[in-house]
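Q: I have a model open here and would like to talk through how its pieces pack. Could we start with the helices and then move on to domains and chains?

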Amino acid sequence: MKENKLTLQDVKKTFGDGDQQVEVLKGITLEVKAGEFVAVVGPSGSGKSTFLSVSGALLSPTSGRIMIGNQDISTLHAKELNQIRLKNIGFVFQSANLIPYLTVRDQLLLLSELEHQTHKEAEKKADGLLERLGLLHRKNHYPEQLSGGERQRTAIARAWMNDPEIILADEPTASLDSERGRTVVQMLADEVKLREKAAIMVTHDQRMLDLCNRVVYMEDGQLISKPSV
Amino acid sequence: MFLALREMKHAKMRYVLIGLIMVLISFLVLFVSGLAKGLASDNASSIQTMNADYVVLDKQSDQRINRSQLTDEQLKEILHSTNQKQRTEFGLQMTTVQKNGEAKKTDSTLFAVDPKGFIAPQSIDGQSLKEGNKNEAVGDLSLKDEGFQIGDRLKEETTGTVLTLIGFTENQSFSHSPVLHVSLKTWEAMHDGKQSVNAAALKADSGKAKEIEKLVPGVEVISKNDALKSIPGYKEEQGSLLMMIVFLFVIAAFVLSVFFYVITLQKVNQFGVLKAMGAQSGYLSRTVMYQVLSLTVVSLAISILLTFTVSQLLPASMPFLLNVPLVAGCSVLFLTVSVIGSLISLYQVIKIDATEAIGRAS
């Protein structure tokens, strides 16, 4: 039995107050184990972004329990959540969201800078990651000089930089054609297996689903294992 | 400072341009301050450099030395209640002089002092005033530029007295005219003993000053600073220049704050991503602060260098005075203003939500 990397127990999230309350997540339960790559698919407005924000310690749930590794993060303060994100969670955003004025290598080193790690070690680690993702020849280039796929690969390398327990990817293939998109997702999947970590990918790109271990569907704030249609 | 430096390096043009504006503004601040200081000195250096704390004037003088007239009784009382180390009386009269019978008239201010008193000037060229010698005068160095020389005979217009110029003094002007110092004896002789002295200078603490004001009827004791302000034109000159300086500081604050505000607004998405990755608001605020401060410090350094270079090139007759305390004061104020200007951006940075990064194409 492999350990759980991410556990959500009956997580609810409500926005607004008084009469204007909208329940976006209506009790979500999910377990993601080490080495597992889970895809979350659903129409827009189904609550995918909120699900990702809550799982990624960006938002606190209204009720329910969220565990990353063995740590319960549902009741932590904003500052503590910051640290959790920095140390335990790697993000891959839609359209990469790289910092425009940092070179590929500096994008990675920024993470270690935020964690006050020593520079020498971080540089070694960054170069290692870039090599595995086939970006070493691009390490001194700025994001504007990269292709879409290279940008997304840089974002993946950045997400692994601090050895997180779990990677959360928000439509990582949205700005890529299917071939490049597939390569990028494949790389993500390989890294997850290699490192025995976990990953969740929110997507509506059906072609990528065969690369994932498990697919869950999101509809109207609830997770179901098969789509209703 | 990882982010701050790399960003400024990447967007060089942007930061060089805003830096240039800051250089120009701070240069203007320093230049106008130097001019204000120079004008103040040109106007009233004889009072500024006067080795005294208080001035005793007659009550009806409206705090103006040139209007004041101390009566013999008042003077006697003052002499009675102070010792020689504490007070020295002086006369003052604005007049014109003619050199060696030439037709050209030169404005000057006659200052009658006790040659042994503590406000008597030391000559930097030629001789100083002496107790016994009559009809001798020492003049401000600017007279030399107007063609006066030691040994020249100067005819004072109102009394017709002819004075011999025996030396030059430094930083002695009153109401933008050079001061000619004469001894009290000469002063008395010039006016046939009818003209009494205008005022008395005091070297004493405020207690003594108040005591004299109470003791001697019909006099007012004002600080040297107040006496300065009451010199004709002094307050007006300084006031308008000060207003310019204050506005320049306000403009500098606005330019900086608007620039960084706009830049921060452009980077909202980016800051959201950084926060999502785990960067603290404090770290990001420090980045912005570091950029503001380094921009200000570099601009200031350049403009200080520029100001000193320009001040070397100015003609000597231009009233311009720049000293270290003035530059240091302006610099500190400039830094403070830039920090205040960046607060609005810091607020913006702190307000940005990490969830901005999710579900968004940049």
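Q: Which hand does the crossing of α1(B) and α10(B) have?
A: The crossing of α1(B) and α10(B) is right-handed, meaning that the near helix is turned clockwise from the far one by less than a right angle. Helices here are DSSP runs (H or I, at least four residues), numbered from the N terminus. This is a predicted model, in which local features need pLDDT of at least 70 and side-chain atom pairs count only at pLDDT 80 or more, while totals for chains, interfaces and linings use all residues. Residues are numbered from 1 along each chain as its sequence is written, with chains lettered from A and ligands numbered from 1 in the order in which they are written.

Q: What angle do they pack at, and how far apart are the axes?
A: Helix α1 (residues 2-10) and helix α10 (residues 281-313), both of chain B, pack at about 50° with their axes 8 Å apart, the axes being lines fitted to C-alpha atoms over the stretch in contact and the angles running from 0 to 180 degrees between N-to-C directions. That makes α1(B) oblique to α10(B), a word kept for angles that are not under 35 degrees (roughly parallel), over 145 (roughly antiparallel) or 65 to 115 (roughly perpendicular).

Q: Which residues meet there?
A: From α1(B) come B:Leu3, B:Ala4 and B:Met8, which meet B:Thr287, B:Tyr290 and B:Gln291 of α10(B), contact being counted when C-beta atoms, placed from the backbone, lie within 7 Å. By class, this contact has four nonpolar, two polar and no charged residues.

Q: OK, domains: how is chain B divided?
A: Chain B is split into domain 1 (2-44 + 235-357) and domain 2 (47-224), with bounds from an automatic or database domain assignment. Domain 1 of chain B gives five residues to the contact and domain 2 of chain B gives eight, although the C-alpha centres of the two domains lie 46 Å apart.

Q: And how many residues does each chain bring to the contact between chains?
A: Chain B brings 21 residues and chain A brings 25. On the side of chain B that touches chain A, the elements giving two or more residues are α1 and α9 (268-276) of chain B, and the largest share, four residues, comes from α1(B).

Q: Last one: how do α5(A) and α6(A) cross?
A: Helix α5 (residues 148-160) and helix α6 (residues 178-195) of chain A have axes that come within 9 Å and cross at roughly 15°. That makes α5(A) roughly parallel to α6(A), and the crossing is right-handed.

Technical notes:
Contact = placed C-beta atoms within 7 Å. Nonpolar A, V, L, I, M, F, W, Y, C, P; charged D, E, K, R; others polar.
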